Each structure stands twice: as structure tokens, then as C-alpha cells.
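Notebook open; today I'm looking at pockets, a helix and charge pairs. The model comes first.

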Amino acid sequence: MRERIPHEIVASVLAGATAFIGGTALNLPTWAIFISWAAMFLLGAKPTLRNAARLWATMPVGSAFALVIVLIDQHIGTVLGDGQLAKNVVLGVVILVFNTALMCTGRLRAFALVPGMFLGFASFFAAYFGGFGFAPGNLWAAWVSVVVMNAAGPVFAYLSRKWTFARRTGADGTGADGTGVDGTGADGTDGTDGTGTPAAPDATVDGGAAPRLPSDPALTRA
């Protein structure tokens, strides 16, 4: 495939466009777009709907597990005392339990992409503790905000390839119809007879038939 517009240019324009998403009153975590955008290319050089669906299925689940961990820690984090060590023990046990549950969820076919869940898992913590979302400090606002931004990543990945307007090329660099990107043939000609009209086929070329040998008169008489 030959790109009419370099992928680097298209991807950079799309990346710059995220400034208009994050720079609003909603305070959305646009960096979460880049996480799932990069994940699409880790799954393959060409973004596909199948890989996008795998991320759309797993990343929100990972974020949900992270939300539950924070929610539980807020309610029972000091059950063993107010000391930092006591809080760490409680948090460690909560993480142990729900991290195990997350990984076991990966045994289900629909959520088999466990790294996708961990990307969503980490994205939620960054969004919530970073104060992102339309209501900073609100667990549910952080979850909704990060899920939406993570979901946009595969779309950006697809557009970054689609808008290169790539053209299929042959093994010799010519187009699928035998012409190069400048319209010339593989031999450098423009494929016409010099007047602008397509050149007629060479009448001296037999259409693939085997050459005939002259017959032997003596054999013919026999």
C-alpha cells in the first residue's frame, strides 16, 4: 500500500485535535485516547473492528474493577486503624482480591484480552486521582469520562490509517492496474500510443498459441 498522505501527518493532526476535546469544561482525560489508540497497533499493524471490539469489551471492565477497589477502600480503609501501615494492609488485601477476580474474568471468552482490562484499570486510577472528569473527585464521573475516552482510541487509530488514502500497489511498486502513482506504466511509459488514447495491442503477439513449424513435404505426401 502506498500512502497518498503520510501516516505520520494524519496521526499528528488527529493527536492535535484531542486538544479541543480535553480543553473544555468537561475536563475529559484525553490522554486515555492515546492509551487505547496505541493498544490497537499493539494488536496488529492494521486497525480492525475485531480488535476494537476486544478493547471496547475489556477496558470498561478493568475500569469498573478499579472503581470498586477505590470505593471499598474509602469505606473500610481504616478498619485496622488510622496508621499508614494499617491502611496499606487493608488496601493490599482489597487489591489482591479484586485483581484475582479481574484475571479470572479473563477466562471468559468475551474478556479474554486481559491486558485490555489492565489498561482500563490503570486509566481509571489516573483519571480519578488526577482529578479528571466532568465532576472531579466523583468516582462515577471519572469512570464515565475515562471509558468514553478509552473508547475513542480505536476510532482515532482507524482514522489515522483511513485518511492516508492509501493505494494498493504491486510487488514492483506499480498500482494494482499496472500503473504507478503518477499514472505511468511499469516500463515508464504512459500506456498510450502517443496521441493520448490507449495503445492498441501488438498484432505480432500471438495470444499465447504455440508457434507453428513448417511441414515436411515428404511427410505430407507419405
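Pocket terms first: on a 1 Å grid over the protein atoms alone, a pocket is an open set of points where a 1.4 Å probe fits, with protein on both sides within 12 Å along at least five of seven lines, and lining residues have an atom within 4 Å of a point. Points are joined across faces, edges and corners, and a volume is the space filled by probe spheres set on the points.

This is a predicted model, where local features need pLDDT of at least 70 and side-chain atom pairs 80 or more, while totals for chains, interfaces and linings use all residues. Numbering runs from 1 along each chain as its sequence is written, and side-chain values use heavy atoms, without hydrogens and water.

I looked up the largest pocket and got about 330 Å³. Its lining includes M1, E3, K46, Y158, R161 and F165.

Next I searched the whole structure for salt bridges (side-chain nitrogen of Lys or Arg within 4 Å of a carboxyl oxygen of Asp or Glu) and found one. R161 pairs with E3, with 3.1 Å between the closest N and O atoms. R161 sits in helix α7 and E3 in the segment before α1 (7-17), so the bridge ties together parts 158 residues apart in sequence. Helices here are DSSP runs (H or I, at least four residues), numbered from the N terminus.

Definitions and conventions
Helices (H or I, at least four residues) and strands (E, at least two) are DSSP runs, numbered from the N terminus.
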